[in-house]
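Biologist: Please take a close look at the charged side-chain pairs in this model, and at how they relate to the sheet. I would like the cut-offs spelled out as you go.

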Amino acid sequence: MRRAYSVETVRAAEAALMKRVPEGALMQRAAAGLAVACGDLLRRNGRVYGARVLLLVGSGDNGGDALYAGARLARRGAGVRALLISPDRAHAGGLAAFLAAGGRVADGPDGLGVLDLVVDGITGIGGRGGLREDAGALLRAVTRDRTPVVAVDLPSGVEADTGEVHGEAVRADATVTFGTYKPGHLIDPAAEHAGALRLVDIGLGPELPEPPDLEALQYADVAALLPVPGAESDKYRRGVVGVVAGSERYPGAAVLAVSGALHGGAGAVRYVGPGAEAVIARFPEALVHAGPPSKAGRVQAWVVGPGLGDGRGAEEAVADVLAADVPVLVDADGLRLLEAETVRTRTAATVLTPHAGEAAALLRVAREEVEAGRLAAVRELAARFRATVLLKGSTTLIAEARDTPVRVNPTGTGWLATAGSGDVLSGLTGSLLAAGLAPRDAASVGAYLHGLAARHGSDGAPVSAQDVAAGIPAAWRDVREG
């Protein structure tokens, strides 16, 4: 599992560790790891000896890390130069080591020639706001030939704690971070700037508290959560999920939500709505009912909202489902039709799955505000509705009203930006709720499998929602086999 901590927590852990190790040890560990990562990248693209490396060096420890790493590369035969953003504030020890190793300080971006690598050591995890104009101008000048960029700890100009980007920021090909991940490594839009991530162990682990601020499940974590039927399982033990979806205008939403639930391992699906004919034509094993949902029969969880449309009937269906004493997932049109107080006062679990536009409507803010501050938005939604919230998007986030780490899904792909994909996710996650997974786990596993399924369905080509649903069993198998 990837775990991320806030800047404040990281600083406190570093301070505690520095009391137990020799002075400068942490910076040397960081610089050693950074130099190895830079060397690996240079070797993949050619060689270390004779490579032309430029350090963009800001003030403070981040610049010091870059300078000490530059010294190590210079000793390995690379031609390393440094552009000092604030020469009078450069890290003294790092600069001395760099010069002693044969590194040179450049006067400016002119005359540097063709570069093999740029190392971004302008600002560290404590930076706020975008790059200053002078730093931005230097960055643009030295990367205009698409020179690979390695960021030190975090791409300069992005927000470590929130993943927000306010102004110009470095777009790195790789980011080498130290001790632990920070939220900005995992949450868009900042994550888009980080490139490939490498974590360097500097001994910080024992000093970091529980729980982290953010976590991202990996294969082993998801495999441990997958509900696998036993020899004595029947359809009720596997979980029966009710699906209230579709309308005369959007009958396909019903089919896709049911498809996600069945491919996700539900023991049975009870469908309620006007799309029964389309559902049975595609999935004859589905159990259909004219409604209301409360009369449809036994279920362990409900999914309500995809393609439900407007009107009195849709509103009544949402209210009826929310009155049930089983977990409920609300998506799409259901999000517009729910009563906030009803959700807040439910005794059973509720999972809300908005995209950025729907989240903005629920929060009564502009969509751009949600997209720019995804972490703040998902936390606010979870607290305001006292629910588990899965905020869909370029990085899907899952938050609870309780004080647990926000989860970020690492398997997202642009191929999921297709009509009906969210309906499949709703059905899939509903099946996991019906199988007995806790809401946060069901949402996390559902998002993880959904992303893998899109990769299977697309195989590098455009993908439809039907392809995503069909890819779920292969995604499930991938996770179980590791």
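Modeller: Arg52 counts as partly exposed, with a relative accessibility of 36%, where buried means under 20% relative accessible area, exposed over 50%, and partly exposed in between, using a 1.4 Å probe and protein chains only. The model is a predicted one, in which local features need pLDDT of at least 70 and side-chain atom pairs count only at pLDDT 80 or more, whereas totals for chains, interfaces and linings use all residues. Residues are numbered from 1 along each chain as its sequence is written, and side-chain values use heavy atoms, with hydrogens and water left out.

The side chain of Arg52 meets that of Asp116 in a salt bridge, at 3.2 Å from N to O; the term requires a side-chain nitrogen of Lys or Arg within 4 Å of a carboxyl oxygen of Asp or Glu. This pair links parts of the chain 64 residues apart, with Arg52 in strand E2 (residues 52-57) and Asp116 in the loop between strands E4 (104-105) and E5 (117-121); strands (E, at least two residues) and helices (H or I, at least four) are DSSP runs numbered from the N terminus. Asp116 is also partly exposed, at 25% relative accessible area.

A second salt bridge, between Asp153 and Lys182, has an N to O distance of 3.1 Å and joins two loops, one between E6 (149-152) and E7 (174-178), the other between E7 and helix H6 (183-186). Here Asp153 is buried, with a relative accessible area of 8%, and Lys182 is buried at 1%. Elsewhere, salt bridges that share partners join Glu215, Arg407, Arg440 and Asp441 into one network.

A further pair, Arg198 and Asp40, meets at 2.9 Å from N to O. Arg198 is partly exposed at 33%, whereas Asp40 is buried at 18%. In the whole structure, a search finds 23 salt bridges.

As for the sheet, 11 strands form an open, mixed arrangement in the order E1-E9-E18-E17-E16-E15-E14-E13-E10-E11-E12, two strands being paired if DSSP finds at least two bridges between them. Strands E1 (2-4) and E12 (287-289) each have a single partner strand, so one side of each is left without a neighbour in the sheet. Strand E9 (residues 214-216) runs parallel to E18 (residues 406-408), and two bridges join them; the bridge partner of Leu214 in E18 is Val406.
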